[in-house]
Amino acid sequence: MSETYIEETTEAAARVASRLRIDRREFMQFCAATATTLGLSTGAEAAIAKAVEKAKRPSVIWLHFQECTGCSESLLRAEHPTLEKLILDVISLDYHETLMAAAGHQAEAARKAAMKANKGKYILVVEGAIPTKQNGIYCKVGGQTAIDMLKECAADAAAVIAIGSCASWGGMPSTIPSISGADSSPTGSSGVADVLGKPVVTIPGCPPNPYNFLATAVHFLTFGKLPDIDQLGRPKFAYGRIIHEHCERRAHFDAGRFALEFGDEGHRKGYCLYKLGCKGPETYANCSTIGFGDVGESNWPVACGHPCIGCTEKGIGFTKPIHATAQLRGMSPPASYPGIVEQQGKTSFASAAALAAIAGAAAGGAAMLAKNLGKQDETQAQKKGE
Amino acid sequence: MANHAHAPRPLGGSFLSPLTLLLGVLAAIAGVILVYRFIYGLGAVTNLNDGYPWGIWIAYDVVIGSALACGGYSMALLVYIFNKGQYHPLVRPALLASLFGYTLAGVSVIFDLGRWWNFWHIFWPGYAQVNSVMFEVAVCISAYIVVMWIEFSPAFLEKWGMKDVRQKLNKLLFFFIALGVLLPSMHQSSLGSLLVIFGEQIHPLWRSGMMLPVIYLVTAILLGFAVVIFEATLSSTGFKRQLETPVLTPLARIMYWTLAAYVALRVIEIVARGALGTAFAATWQAFWFWVEMACFVVPLVTLASENARRSASKLFVGAVLLMLGGFMLRVNGFLVGYMTGEGWSYFPSLAELMVTIGIIAFEILAYIYIVRNYPVLPAAQPASR
């Protein structure tokens, strides 16, 4: 990296810092943290910083359909930096039903204006599932069905990101247990990819970790493309591994120490929650490594004592009963478990008897020898006497 | 210094006897158990547990075994440092006993290592933890074993007629003899330092803090003298030779005053630390403490007069008691007085015991073989002194 490059980056960072009213160090920390979350190599934070400092902020249109706004709420809880401090300044959030000041027709007009002005360049973020039954009449915004609005917005978008499990595959609305035994939900809730008929980037989770979304968005800003994804559209940097692999309670699983019910001794001691139905062994996500709520790695469901419900995984979250045991993926339990209760010592009567016999024999031998030596002493004394 | 009138000669005679056969059987049993232990692990053979990771293989084979093997050290100290040439005939046999004692103590450490195949790590710069007392003990004992083989090598060289090598070695021998005095002073005190590290886990009666190295060093010297008397008496009766009492009597005098100094040190240390009260509690520790102290105090009474020290039987009994005392001090420190927490206990298994017995048997067997075939014991006793 040349010196002028470093200087440029430093200057750029200073400009962003003054624009965002945060200090330069805090801004660089955000860039470095994002680069780390993405698993990028050294130097990437500088590239990120350069991308973020651009005066022209990319336009973002954020749609809400069948959802609870939990994903937006989760994003609002991101503190490194806070959403209003950075993301609202880095991106131009032109349409977001919860956060925007505009209402009614004014809001829809803003969306259309943004779409027109940034044709082919804006990022479309979708939160919530899209009902498909009955031509999608179960969810309308401004008189327009969710299906129509999604298709309209997606047509000219540079990238589409589905945030949350609902937008990813249908999530909770799609898995309401139906009385008739049929699989689908009453409204035919579907994910973005199904409706558009093409793969999109998905950030599943209920809610997803805000940093997985931020990192994906920043990756797009920095490199002009979305990060590597798996066959389900999930970024590999965040969903490449099973939760169980990096779980802090994994050692208990391997040692066969399980909590058997809430509040029992094992539960209080922090044992593995597998037998309480933890879905960590069959769910792909990075919850066990980055945690939630910016209070350290130990803040996530399993660390709090509740089994993982598998919210990021289609067919597991909202589908399998919470306390049904998980299917173990890519691992088998050890053939034998080390003992939990160690034997504290045992007495051996055979060795005690042997020891006594040896001691007796040695004492006897020594006494006999001493006696003979005594006799020799006497004869010698007698000789001297003579 | 060597008196040519009674220069050492091979004893000769048949190696096979009922005694050597018995010893051979015992050593073979230990060998079989050890093979089993190396294949199936410590848990399959010993009664060791998480509370007592060290059993008799360390407490006896290493700590006591090396202390009982201090005859060579004590005699070298006396003959070469304090220049008491009259004890020279006792040096070689004492050195031989020490040689086996130490070599087997060193080898025994491997028996007790969970991952015994990694034993060489302690000598490898990248692995060694140079701030550890264990490292000091391990390196020092290993070095001393090598030094002792060199110290003893004149006996082999004489037998094999390698005069040239012997002459060259003689010029360098003073250096190895000096090392042979320095090294045991270091590691015998370090064996006490191990207990310093155990700290509060040791019963107050043996928790002597920084005096522990001194206590272990002094008793090691004391044991060295006692073992020389014991072993000289045994080999005289066993090989039907004349008793060496005339040489042993002045040695016993030195031993007696060392003993007096030790008992004074031990009692003053316990009283000064305010631990004496625990000796009167109704505990096993207190009981074994009194047994240990009795072993040291009884010889202090019975060997008080010069006359008593001329009696072969009193000398022998005194030496045996002192060996027992040194044995008890170490067993008490490492096992009886080791309090690792509620519920933990340890008593050696029969297999563990058989290994220890087998090692002792092997030591005696090798001693008998070497004194019969190599020049170790003085050729003839002087008619009068």
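1. Helices α2(B) and α12(B) are roughly parallel to each other, because an angle under 35 degrees counts as such. In this predicted model, their axes cross at roughly 10° and come within 10 Å. Helix α2 of chain B covers residues 56-68, and helix α12 of chain B covers residues 350-373. On the α2(B) side the contact involves B:I56, B:W57, B:Y60 and B:D61, which meet B:E352, B:V355, B:T356 and B:I359 of α12(B). By class, this contact of α2(B) with α12(B) comprises 5 nonpolar, 1 polar and 2 charged residues.

2. The axes of helix α4 (residues 88-112) of chain B and α7(B) cross at roughly 100°, and they come within 10 Å. That angle makes α4(B) roughly perpendicular to α7(B), since values of 65 to 115 degrees fall in that class. From α4(B), the residues in contact are B:L90, B:P93, B:A94 and B:A97; from α7(B), they are B:V227, B:V228, B:E231, B:A232 and B:S235. The residues of this contact of α4(B) with α7(B) divide into 7 nonpolar, 1 polar and 1 charged.

3. Which residues touch the most other members of the largest nonpolar core? They are B:L222, B:L223, B:A226, B:I229 and B:M323, in a core of 111 residues. Helix α7 of chain B, residues 212-238, gives the most to this core, with 16 residues. Leaving aside residues up to four places away in sequence, B:I229 touches B:L248, B:L251, B:A252, B:L315 and B:A319. Apart from this core lies another, of 80 residues, whose members include A:A162, A:A167, A:A217 and A:C311.

4. Is B:W284 buried or exposed? B:W284 counts as exposed, because it has 11 C-beta neighbours inside 10 Å and the class of exposed residues takes in counts of 12 or fewer. This residue is found in helix α9 of chain B, which spans residues 284-302. B:W284 and B:V336 are 52 residues apart in sequence, while their C-alpha atoms are 7.9 Å apart in space.

5. Chain A contains 16 helices and 9 strands. Of its 386 residues, 39% are buried. Among the contacts in chain A with a separation of 6 or more, 70% are between residues 24 or more positions apart.

6. Within chain A, strand β7 (residues 159-163) is largely enclosed by the rest of the structure, because 4 of its 5 residues are buried. Strand β3 of chain A, residues 123-127, runs parallel to β7(A) and is joined to it by 5 bridges. In that pairing, A:L124 has A:V160 of β7(A) as its bridge partner. Strand β9 of chain A, residues 201-203, also runs parallel to β7(A), with 3 bridges between the two strands. Here A:I163 stands opposite A:I203 of β9(A).

7. The final point is the contact between the chains. How many residues does each chain bring to the contact? Chain A supplies 19 residues and chain B supplies 22 residues. The side of chain A that touches chain B has 8 nonpolar, 8 polar and 3 charged residues.

Conventions
Residues numbered from 1 in each chain as written. Chains lettered and ligands numbered in written order. Predicted model: local features only at pLDDT ≥ 70, side-chain atom pairs only at ≥ 80, totals over all residues. Buried ≥ 20, exposed ≤ 12 C-beta atoms within 10 Å, placed from the backbone. Contact = placed C-beta atoms within 7 Å. Core = buried A, V, L, I, M, F, W, Y, C linked by C-beta atoms within 7 Å. Axes fitted to C-alpha atoms, helices over the stretch in contact; angles between N-to-C directions. Parallel < 35°, antiparallel > 145°, perpendicular 65-115°, else oblique. Nonpolar A, V, L, I, M, F, W, Y, C, P; charged D, E, K, R; others polar. Pairing = 2+ DSSP bridges.
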